[in-house]
Amino acid sequence: MKNSKFLIFIILIISAIVFVQLRASRYEKKLSKNGILTVGKIESFDVMPKFTNIYVSYYVNKVKLITPVRKLNNKINEDNIGDFYEVKYLKETPEVSRTNFEKQSTDTNLILKAGFSKKNIILINK
């Protein structure tokens, strides 16, 4: 009896992992095909013992969204707070996004069109 409960538990865990991986893969494909480009701003960092989240804000239909991005790039650090980078999001689920930290944006017109104010742009010249 204990073995069957344990087996069911293991099957449920594996099923959940497979579901999450398939969902992430589907979003990655949609982003690469149908992603909408905009500009996002690094708002803050959340440093944990095993990982760091970078919080990036961007505007969709004049609504400010803030999404966490797991820090994978060692070149990005807390000195980059306030910097602008390219963000790609999905129209139907705008909270699904990817930030390209290789493409920094310093074009003020592009940043203004993305929904940020002049006050945000002044902070570029820190």
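Biologist: How many salt bridges does a search of the whole structure find?

Modeller: The search finds 2 salt bridges. Keep in mind that this is a predicted model.

Biologist: Which residue does Lys64 pair with, and how far apart are the closest N and O atoms?

Modeller: Lys64 pairs with Glu43. Their closest N and O atoms are 3.6 Å apart. Lys64 sits in strand S3 and Glu43 in strand S1, so the pair ties together parts that are 21 residues apart in sequence.

Biologist: Is Lys64 exposed, partly exposed or buried? And what about Glu43?

Modeller: Lys64 is partly exposed, at 40% relative accessible area. Glu43 also counts as partly exposed, at 25%.

Biologist: What does Lys75 form a salt bridge with?

Modeller: Its partner is Glu102. The closest N and O atoms are 3.8 Å apart there. Lys75 is in the loop between S3 and S4, while Glu102 is in strand S5, so this pair ties together parts 27 residues apart in sequence.

Biologist: Buried or exposed, those two?

Modeller: Lys75 is exposed, with a relative accessible area of 61%. Glu102 is exposed as well, at 56%.

Biologist: Why can such side chains pair at all?

Modeller: Side chains of opposite charge can do so when their charged atoms come close.

Biologist: New topic. How many helices and strands are there?

Modeller: The protein has 3 helices and 5 strands. Along the sequence the pattern reads α-β-β-β-β-β-α-α.

Biologist: Is the protein spread out or compact?

Modeller: Its radius of gyration is 19 Å. The globule rule gives 14 Å for 126 residues, and 19 Å is well over that, so the protein is more spread out than a compact globule. The C-alpha atoms fill a box of roughly 65 × 35 × 25 Å along the principal axes.

Biologist: What share of the residues is buried?

Modeller: Buried residues make up 32% of the 126. As for the surface, the protein exposes about 9,100 Å². Carbon and sulfur atoms supply 58% of that area.

Biologist: On to the strands. Which strand do bridges join to S1?

Modeller: One is S4. S1 covers residues 36–47 and S4 covers residues 84–89. They run antiparallel, with 6 bridges between them. Lys41 stands opposite Phe84 in S4.

Biologist: And how many bridges join S4 to S5?

Modeller: There are 5, and those strands run antiparallel too. S5 spans residues 97–104. Within S5, Thr99 is the bridge partner of Val87.

Biologist: How about S2 and S3: parallel or antiparallel?

Modeller: Antiparallel, joined by 8 bridges. S2 is residues 52–60 and S3 is residues 63–70. Tyr55 has Pro68 in S3 as its bridge partner.

Biologist: What do S2 and S3 form, and what is in the turn?

Modeller: They form a hairpin with 2 residues between them. Asn61 is in the turn, and has a positive phi of about 55 degrees.

Biologist: Last topic. Which residues make the nonpolar surface patch?

Modeller: Phe6, Phe9, Ile10, Ile13, Ile14, Ile17, Val18 and Leu22. Together they make a patch of about 770 Å².

Biologist: Where is Phe6 placed?

Modeller: Phe6 is in helix H1, which runs over residues 2–34. Phe6 is exposed, with a relative accessible area of 53%.

Biologist: One more, on contacts. For residues at least 6 apart in sequence, what share joins residues at least 24 apart?

Modeller: That share is 55%.

Notes: Residues numbered from 1 in each chain as written. Predicted model: local features only at pLDDT ≥ 70, side-chain atom pairs only at ≥ 80, totals over all residues. Heavy atoms only, no water. Patch = residues over 30% accessible without salt bridge, like charges linked within 9 Å, V, L, I, M, F, W, Y side chains within 5 Å. Areas by Shrake-Rupley, 256 points an atom, 1.4 Å probe, with all protein chains shown as cover. Salt bridge = Lys/Arg side-chain N within 4 Å of Asp/Glu carboxyl O. Helix = DSSP H or I, 4+ residues; strand = E, 2+ residues; numbered from the N terminus. Buried < 20%, exposed > 50% of the residue type's maximum accessible area, 1.4 Å probe, protein only. Rg over C-alpha atoms; globule rule 2.2 N^0.38 Å. Contact = heavy atoms within 4.5 Å. Pairing = 2+ DSSP bridges.
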